[in-house]
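Here is a short briefing to read alongside the sequence and the model. Have the structure open and follow the residues as they come up.

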Amino acid sequence: MAGSCAWLLVLSSVFLCNLFKILLPSFSSIISRLLQKDAEQENQMRAEIQGMKLELSAISMMDEFARYARLERKINKMTDKLKTHVKSRTAQLAKVKWVISIVFYIFQAALMVSLIWKYYSEPVTVLPSRWIAPLERLVAFPTGVAGGVGITCWLVVCNKVVAILLHPVS
């Protein structure tokens with residue numbers, strides 16, 4: 001019974017991997033938002049800068065030059081600090097997304113290697129030989145069973161079919 005459902009196991013594994021690959025950017029964004037609480041601080045800094053700019057627009061540059069210049073320097077300093085903060089947060093976000101992608105691809109590779117290892121010598125499914133007559137040896141690779149569908153061919157077919165089916169979603 002377990003051997004007869006091998007095609008379904010491989011197909012569902014490929015489907016889930018491809019579905020997760022499509023959703024990977026969303027998962028990365030959600031996880032990075034959970035890990036970063038700096039956005040509130042950035043919003044607060046932006047609000048302070050906006051308030052200072054309003055205050056600056058109320059000051060006459062000719063009448064109160066010293067106060068105007070101090071406030072302008074303070075705005076510039078706060079803006080530079082905000083830019084630095086945003087750059088560091090963006091770099092951290094990129095690292096988180098990169099690590100999540102690497103972990104996913106390692107998991108996917110391990111899954112595919114384990115499927116290939118398990119079904120290397122036996123066919124995933126057996127079809128009537130006449131259905132695959134001209135390509136029988138290629139389709140059966142690496143099993144060599146007449147009419148059998150080898151794991152490599154089945155993985156290629158499953159990946160292509162799932163990619164076509166999930167294309168509208170992505």
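Arginine 46 is partly exposed, with a relative accessible area of 41%. Its side chain meets that of glutamate 42 in a salt bridge, 3.8 Å from N to O, and glutamate 42 counts as buried at 2% relative accessibility. Please keep in mind that this is a predicted model.

**Salt bridges**

- The whole structure holds 4 salt bridges.
- Arginine 46 and glutamate 42 are separated by about one helical turn, because they lie 4 residues apart in helix H2 (residues 38-58).
- Arginine 67 forms a salt bridge with glutamate 55, with the closest N and O atoms 3.6 Å apart.
- That pair links distant parts of the chain: arginine 67 sits in helix H3 (residues 65-118) and glutamate 55 in helix H2, 12 residues apart.
- Arginine 67 also forms a salt bridge with glutamate 64, and here the closest N and O atoms are 3.2 Å apart.
- Glutamate 64 counts as partly exposed at 34% relative accessibility.
- Salt bridges that share partners join Glu42, Arg46 and Arg89 into one network.
- Arginine 67 is partly exposed at 36% relative accessibility, and glutamate 55 is partly exposed with a relative accessible area of 39%.

**Helix H5**

- H5 has 16 residues and reaches 22 Å from its first C-alpha to its last, close to the 22 Å expected at 1.5 Å a residue.
- Buried residues in H5 are Ile151, Cys153, Trp154, Leu155, Cys158, Val162 and Leu166.
- Valine 162 belongs to helix H5 and counts as buried because its relative accessibility, 2%, is under 20%.
- Leaving aside neighbours within four places in sequence, valine 162 is in contact with Leu11, Val14, Phe15 and Asn18.
- Alanine 163 has its place in helix H5 (residues 151-166) and is partly exposed, with a relative accessible area of 40%.
- Between the C-alpha atoms of alanine 163 and glutamate 48, 115 residues apart along the chain, the separation is 48 Å.

**Annotated transmembrane regions**

- An unreviewed UniProt entry carries the annotation "transmembrane region" for residues 6-24, 98-120 and 140-166.
- Over residues 6-24 the chain is 100% helix and 0% strand, and the end C-alpha atoms are 27 Å apart.
- Over residues 98-120 the chain is 91% helix and 0% strand, with the end C-alpha atoms 32 Å apart.

Methods: Residues numbered from 1 in each chain as written. Predicted model: local features only at pLDDT ≥ 70, side-chain atom pairs only at ≥ 80, totals over all residues. Heavy atoms only, no water. UniProt positions renumbered as here; feature names shortened; annotations may be inferred. Helix = DSSP H or I, 4+ residues; strand = E, 2+ residues; numbered from the N terminus. Buried < 20%, exposed > 50% of the residue type's maximum accessible area, 1.4 Å probe, protein only. Contact = heavy atoms within 4.5 Å. Expected span 1.5 Å × (residues − 1).
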